[in-house]
Each structure stands twice: as structure tokens, then as C-alpha cells.
Amino acid sequence: MNPAVSVEAGSFRDPSGRVIYADDRVFRTVMGTAADSFRQAETSGIFRKLIADGMLVDFADITDQAPAWGLEEADMLLEHPRLPFVSYPYEWSFSLHKAAALAHLDLHLDLLRSGFTLSDATAYNIQFDGVRPKFIDHLSIRPYEDGEIWAGHRQFCMQFLNPLLMWSVLDVQPNHWFRGSLEGIAPEDLAKLLPWSKRFNWTILTHVIAQAAMQRRYSNSAASSAKFGKSRLPKQSFEAMLRGLRSTIAKLDVPSHKTVWNDYAQNTSYAAPETQAKHEFVQEMVAKVEPDLLYDLGCNSGDYSKAALNAGAKKVIGLDFDHGALEVAYRRAQSEGLDLLPVWLDAANPSPNQGWGQAERKGLAQRAKPDALLALAFIHHIAIGRNVPLDMAVDWLLSLAPTGVIEFPHKDDPMVQVLLSQRPDIFPEYRNDMFAKVLSARARIVKTVDVLPTRTLYWFERS
């Protein structure tokens, strides 16, 4: 292999091909029988249809270049566009997860109509362009064999349906659970959490309760497991199962999210002078930096993400702990066509490197190198809310991006006082002059402005 290429550590599970990086390019090797399946799908025209419909990431066949990269053992070599940011299902909001599940089912139904199917149902094969889901794994697409059972049924339930049911039926956010169990939420675990009153729903009975019982039976009997492996499922029943799941998932909602959008629409004011000043400051920085990728930490409703996009940022990743805020940002990105992806982040415990070899799923810091960041009304939540010393909080922010805007709410700011109201003030260093000293020791302060008597914006450039 050419020393200029490297293998994506998270692409080992599929023996039919690996993801390869070379300079700034992304390749996919295709090996053995997978090459035959790929060529059948390509010849049928289904790949180009799905790409034209925005459901599948694009590719180019560059097999003739394989020897130049030391990849001549591959039967085919594909090149894909590089994704600016890879998100994981344990970072998705309810609406992102729901959109991903519906996209997966729509793709599978399209494939069955064309004589193809999916070999698995992993949620990690869905990525987002803005908030539009796209399937990224061409090698999961293979010819359908008449009467075959749905190979990815249990995986679909664990990684799509069960997290959504936790949200919708139990009003519990599954992100921490999913991050601790990368294969998803097992039916036998979810079944134990469901009250009897919720178990008589048809979807829950067939895809959770029955699956949990089936798993217990098959895991204790090789004969039963072998019998299941020989089961047949008529295509018409297969399609009906997918359509039934689609119909159910499309109707799911989160009880505690129902009033979020209305509350936001009624309470948000764009006329406040300090809000206008913040918009202008953010847009001045963005217009100067022209970031291809910008992180908006504590993105809230996506108001300043939109301001950054309007000022010239090409793509914004919004990060927030509050799922209600993420839902509002999702609705805004969807309705206004913004290139904004709002995902869940616990800044005091961001997604780590994990999975096989602690490299299968990358941590936040390893996944992308944004050109700039916004951290507005953010730092007091980690410095006071989570006891992170001010210098460590600044070090972390500066490690993410070389430039950006940080808002420092002073200790007498009403929101800081809310954080301090139920605990002793053990933060003597939390002062505006100390923040300026800490920041200036690590970065050049390009410009500051007081948008309120208790709030100062800092535009920094990392030293």
C-alpha cells in the first residue's frame, strides 16, 4: 500500500471493502463477490437514481488508479466526496434519528422494487447533509433473493426503532445509553422498561416483546437458531413490514417536545439591541475568516448559526445539550434550507474515541477541524455549572478551532446568578479581567465589545 494512504479504523466490519484516505481524498475498496453485486446494482441504474434523489452519497469508479495507490488487490476502487463532519446516532436529536430511520426504510423499499436489498441495517451508515439524511454504504446494497428474511431486522430495531420508542413512549433520551452500547438498545432490555399499558401496541408487541422472547429462545438452542436461519419471508410481507414500520415511525413524537416550537416562536425577540450587536460581531468575524466549517457551541435555536451562514460560513455544526433547543434548530434548518446540522453534545463529557481498538468511533476532537467556532452564552455553563477551571475551559475551546468568538457573561449577569443561586460561590477566578488574561496568554484578542454591562464578546485568534 502506498505510504500516503491510511485505512479508516472504523471500516473493518465489512470484509468486502475498506475505507481508505489518501491526501484529502476518500476511497473505498471493493473485494470479491461484493464487486459482482456492485456491478449488478450499477448496471441496473439504481445507484444513479438514488444519488439523483439525494438518498445516496455519490461515487466515481477509479479502479484504473488502484495500482498508483498500492491498492491493486482490490477488484474495484471507488472515490467518494469527503464528508465535512461525521455524526453518530448517539449524538442525534429525536428528529434527526427519526429522519434517519425513515430514510433507511425509504431506501430499502426503493431497493426492493428494483430487485435489491440491504445486507444490514446499521444506523452508522446514515450521515447528514445539513439535516437531510444520506446513505453512505454502497456495499450494503446487494441483489435480493426471493423469500429471504430481513437480515437487518434486529439491528434496525436496536439502532433505529428502540431509541425512538424510548423517546416517544417513555419520554427518555437514549443518547447516554446508546453511547454506552454502540450496537444500540436491545429489545430484551427495552421490554423490561415498558409498562404493561404500553405493551399492547402492535409495533411494540411484534418488534420489541416478540423479538425479546425470540432472542431468549434462539440464544439457548442451536436447533431453534438453525430453524430461524432457514425461515422464509415472502417479498410482499417483507415490503408490508417495512411500510408498517415507516407508518408507525412517521407518527412518533416526544411528549415533552410538543410545545417547544410554539414556545420558541412566541418568546424569541430579534429586536433587542444586544442581540443585534451579537449578530453584527459574529458576522464581522465570519466575513473575515470565511470558514468552510464552523462549530456553534451552545447553538440553542440556531439563530447565530444562521447569522454565520448568511455572513459566508459554508457549513455549521450546532452543538447543544438541550434537546428542546436542538429540536427548534432542526426545524429551522429544515424549513429554511440551512446547511446546519444540530447535534447533541455534553461539553463536559464529549463523545470519546471508542469501539474496537478505541478507534472505531472517533471522539469529537478527532472527527473534524473546524475553521472557526462560536461559544455564545456557553462558557459559564462549563466553568460554573460543571466546575471546569477557567483556564481549562479556554484551553478546550482553543483546541477546537484556531479562531472564533467567545461570549463571557460576568459574574453579576442574571444567568450566572441563576447558576450560583443553589450552590456556594467557589469561583473567585471567574471574572471578566481574569478571562481576558487567560485568553490573551493563549491567543491574540482581535476585538472585544460589551453587548451588555454584564456580557463581553471576545474575537480571538489562536497563537
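**Close-up views of a predicted model**

**View 1. Lys-278 and Glu-407, both of them buried, meet through their side chains in a salt bridge.** In this predicted model, the N to O distance of the pair is 3.1 Å. Lys-278 belongs to helix H11 (residues 273–289) and Glu-407 to strand S14 (residues 403–409), so the contact ties together parts that are 129 residues apart in sequence. Elsewhere, salt bridges that share partners join Arg-13, Glu-183, Glu-360 and Arg-361 into one network.

**View 2. The side chains of Asp-24 and Arg-82 form a salt bridge, at 3.1 Å from N to O.** Asp-24 sits in the loop between strand S2 (19–22) and strand S3 (25–30), while Arg-82 sits in the loop between strand S5 (76–80) and helix H3 (94–113), so that the pair ties together parts 58 residues apart in sequence. Asp-24 counts as exposed, at 57% relative accessibility, whereas Arg-82 is partly exposed, with a relative accessible area of 38%.

**View 3. Glu-188 and Arg-154 meet in a salt bridge between their side chains, 2.8 Å from N to O.** This pair links distant parts of the chain, with Glu-188 in helix H6 and Arg-154 in helix H4, 34 residues apart. Arg-154 is partly exposed, and its relative accessible area is 25%.

**View 4. Helix H4 (residues 153–170) packs with H7 at an angle of about 125°, their axes lying 11 Å apart.** That angle makes H4 oblique to H7, and the crossing of the two helices, H4 and H7, is left-handed.

**View 5. Trp-196, Phe-200, Trp-202 and Leu-205 make a nonpolar surface patch of about 580 Å².** Phe-200 is found in the loop between helix H6 (187–193) and helix H7 (202–219), and Phe-200 is exposed, with a relative accessible area of 61%.

How values were computed:
Residues are numbered from 1 along each chain as its sequence is written. This is a predicted model: local features need pLDDT of at least 70, side-chain atom pairs count only at pLDDT 80 or more; totals for chains, interfaces and linings use all residues. Side-chain values use heavy atoms; hydrogens and water are left out. Patches are made of residues with over 30% relative accessible area and no salt bridge: like charges are joined within 9 Å, nonpolar side chains (Val, Leu, Ile, Met, Phe, Trp, Tyr) within 5 Å. Accessible areas come from the Shrake-Rupley method with a 1.4 Å probe; for residues, only the protein chains shown count as cover. A salt bridge is a side-chain nitrogen of Lys or Arg within 4 Å of a carboxyl oxygen of Asp or Glu. Helices (H or I, at least four residues) and strands (E, at least two) are DSSP runs, numbered from the N terminus. Buried means under 20% relative accessible area, exposed over 50%, partly exposed in between (1.4 Å probe, protein chains only). Axes are lines fitted to C-alpha atoms, for helices over the stretch in contact, and angles run from 0 to 180 degrees between N-to-C directions. Angles under 35 degrees count as roughly parallel, over 145 as roughly antiparallel, 65 to 115 as roughly perpendicular and the rest as oblique. A crossing is left-handed if the near helix is turned anticlockwise from the far one by less than a right angle, and right-handed if clockwise.
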